[in-house]
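Good morning, and thank you for coming. Please have the sequence and the structure open while I go through the model.

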Amino acid sequence: MSTSSRRRLRPDRIKELSLFGLIALSVVVFGSVVEGYLSGRFFNRVTTSVVVVVILAVAQSLVIVSRNIDLSVGSIVGVSAYLTADFLQSNAGANPVLAVVIAMAVGAALGAFNGAIVAYGGVPAIIVTLGTLALFRTLVSLYSGGANVTADVLPDWVIELNASTLVSAGGFDLRTTFLVAIGVVVVFQWVLARMRWGRRLYAIGSNPDAAAQAGIPARRLILLSYIGTGSLAGLAGFMFMVRVGTISATAGSGLELESVAAAVVGGVSILGGAGTILGAFLGALLIDTLRLSLVRVPQVSEFWRDAVLGILVLLAVIADSLLSRRLSGRVVDVSAVESATSSTATAVKGAADA
Amino acid sequence: MRSWIRSHRWESLLALILIATIVGNTIMAPVYLGVGNIVNLFWLSIEKIIVAVAMAFVIINGEIDLSVASVMGFSAAVLATLHENAVVPFGIAIIIALVVAALAGLIQGLAVTKLGIPSLVVTLAGLIGFRGAARVLLEDGSVGDFPEWFDRLGQRTLVGPLPFGLILFLVLLALGWFVLERTAFGRKVYVTGNNPAVAKYSGINVEWLKLRLLVMSAVVAGVAGILFAARLGSVRGSLAEFYELDIITMVLLGGVSIFGGSGSMLGVALAMFTVLNIRNGMGLANVDGIIQTGVVGTLLIGSALVPNVIQRFRVRFPTVGRYEPDAAEP
């Protein structure tokens with residue numbers, strides 16, 4: 001077990017290194033094109049804006065490694081951000097910690113709803129979360145009645161938290177919110193790489209039949225992973241509120257695809273069983289660095305940004321897949337991998353039906 | 001009849017929901033069954049259901065195309081830009097817009113088949129990139145003033161009460177059913193979706209098949225985008241934004257397995273009709289659009305969940321009702 005797991009980890013390290021290289025490369029390239037690019041201000045901008053997506057990328061990876069997905073995270077962000085903001089609006093004196101707890105509890109409850117249906121209802125994750133993507137959004141729309149919670153009715157500490165800095169050196173600020181995101185990455189990297197239930201999620205994702213044969217309680221673990229994803233999405237909702245201030249019923253829409261993009265660019269296999277939290281973090285960081293760097297290039301008008309970003313994301317994925325194949329020293333027969341995974345998927349479906 | 005129901009449980013369930021919806025709506029609003037309302041009901045979502053026919057092929061084949069809504073917006077934007085700058089005659093502009101859509105599909109198809117990147121990832125990048133391309137062309141403006149025949153094609157009826165788009169949809173649906181369920185090509189789509197390795201060793205050129213399907217999906221999305229432009233009479237960069245989730249919802253509600261290999265065009269058609277009737281009925285009852293979305297979401301989960309729960313109940317208590325081993329196949 002230990003030797004095989006050590007062998008598994010090697011391609012992951014390579015993937016992380018290649019992502020890190022790509023981030024470094026893009027910083028160097030943009031740094032040589034854009035004047036005054038390599039500054040503390042740019043670092044601060046990236047580390048402030050990336051927080052929500054980093055937490056969501058971790059949340060998404062937690063379910064993707066067990067060959068599931070959560071397309072409802074954007075709606076969970078909306079629900080938790082709105083409910084928390086609404087709570088703070090009427091209880092201005094409330095403890096900040098209580099607000100975080102409320103946001104995460106709301107997320108955990110919604111995640112438990114997803115997880116229960118996926119794990120015990122035998123419904124494919126993509127169908128469940130596509131449904132709750134709509135359902136949760138409907139709930140927050142009904143609750144809000146179309147009214148926004150604006151930044152000026154929120155307590156002052158919410159606005160201050162966004163700019164609060166723990167360590168500062170030469171214009172490079174380490175924001176509190178970014179450190180929280182880093183903390184989330186470290187904790188879940190450790191959970192998935194070292195803890196038993198984390199390793200078991202990989203086992204379920206890479207071969208559900210074998211996992212079942214080995215006596216892994218897949219249903220309970222999948223429910224647990226969805227509760228984890230929901231709580232993190234709730235935390236992301238809190239961070240969203242801190243960063244954006246004004247919360248409408250559509251808050252967080254579209255974040256589901258951003259989180260999947262970050263995880264997948266970060267090397268978390270959509271087919272389950274492979275990828276790391278550190279990779280997902282680097283994926284989120286790479287996309288956000290590219291997005292914000294493009295803003296700094298005057299030749300790229302604002303209308304070009306999405307188009308260029310799409311191309312860069314695709315190039316990053318291609319470069320990454322070629323690079324890791326080359327570095328790992330073997331050419332993977334993709335069709336063989338696909339067929340193996342898809343036949344397992346069919347087998348799983350059969351097993352779930354029986 | 002009984003054996004048909006047994007082998008088409010999913011379709012029967014959908015048909016039941018559909019009939020219940022229609023009966024409920026008719027009792028609530030007697031104008032419901034009028035020709036005008038029926039045509040209108042299809043007309044308001046015609047682009048989505050056209051694209052859903054192509055999406056059914058892609059998902060049964062074991063892939064997915066998240067980029068369809070962006071390709072819709074992109075091809076409409078290409079058409080609008082060519083028209084605005086009066087570079088070529090309008091008819092040629094339509095052809096160019098369709099060729100551009102095909103190229104979009106080709107790029108994604110090659111990335112999937114030649115580079116071996118999962119279609120979910122490739123078309124996710126496509127979703128961002130092609131939407132961006134549409135914004136590049138139109139910036140934040142809107143282009144209209146299309147030739148009169150084009151607007152008429154999108155806004156008036158062509159044969160009897162039927163507008164062009166609805167006729168196109170019905171033809172595509174019939175063609176889709178025939179190709180998927182009555183031709184060798186259709187069988188290949190199922191076999192490949194079920195097990196690519198088996199398909200490969202049976203002599204199917206899996207890559208060529210997938211490439212053609214992804215190009216077809218993009219071309220159909222291009223057609224739908226142009227049709228949308230004709231119906232609206234103007235194009236913005238955000239045309240059809242976020243439609244991909246509705247389209248995929250309809251296909252999955254139709255009983256198509258997200259893992260590929262199973263599903264039927266009849267099921268997809270019934271799912272489309274059910275969603276449209278529910279939305280239309282709630283619209284007639286003045287129910288807010290966002291609640292309609294929630295109801296469709298609940299229906300999607302419920303229709304997949306309820307049969308599973310019943311099945312498990314039967315397995316646990318075999319004496320209640322009769323245990324049927326084949327009942328779980330959706």
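B:A240 is buried, with 27 other C-beta atoms within 10 Å. A residue counts as buried if 20 or more other C-beta atoms lie within 10 Å of its own, as exposed if 12 or fewer do, and as partly exposed in between, with C-beta atoms placed from the backbone. B:A240 is found in the loop between β4 (235-236) and α13 of chain B, and its phi is near 65°, a positive value in a residue other than glycine. Helices (H or I, at least four residues) and strands (E, at least two) are DSSP runs, numbered from the N terminus.

Residues are numbered from 1 along each chain as its sequence is written, and chains are lettered from A and ligands numbered from 1 in the order in which they are written.

Is the other residue with this feature, B:D145, buried or exposed? B:D145 is exposed, with 11 other C-beta atoms within 10 Å. B:D145 has a positive phi of about 55° although it is not a glycine, and its place is in the loop between β1 (142-143) and α8 (148-155) of chain B. Most residues other than glycine have a negative phi.

Next, the two chains together. In the model, 50 residues of chain B are in contact with 45 residues of chain A, where contact means that the C-beta atoms, placed from the backbone, lie within 7 Å. On the chain B side, α7 (119-138), α11 (196-201), α13 (243-253) and α15 (289-316) each supply at least two residues. The largest share, 14 residues, comes from α7(B). By class, that side of chain B divides into 30 nonpolar, 15 polar and five charged residues. Here Ala, Val, Leu, Ile, Met, Phe, Trp, Tyr, Cys and Pro count as nonpolar, Asp, Glu, Lys and Arg as charged, and the others, Gly among them, as polar.

The largest nonpolar core has 204 residues, and those with the most contacts inside it are A:I55 and A:V58. Such a core is a set of buried Ala, Val, Leu, Ile, Met, Phe, Trp, Tyr and Cys residues joined through C-beta atoms within 7 Å. Helix α12 (residues 206-232) of chain B gives the most to this core, with 16 residues. Leaving aside neighbours within four places in sequence, A:I55 is in contact with A:A181, A:V184, A:L232, A:L235, A:A236 and A:M239.

Chain A comes to 15 helices and two strands, and buried residues make up 49% of its 354 residues. Residues 24 or more positions apart account for 79% of the contacts in chain A with a separation of 6 or more.

Finally, confidence. The mean pLDDT of chain A is 84, and 87% of its residues reach 70 or more; pLDDT is the predictor's confidence in each residue, from 0 to 100. Where pLDDT is low, the predicted coordinates should not be read in detail.

Technical notes
Predicted model: local features only at pLDDT ≥ 70, side-chain atom pairs only at ≥ 80, totals over all residues. Contact = placed C-beta atoms within 7 Å.
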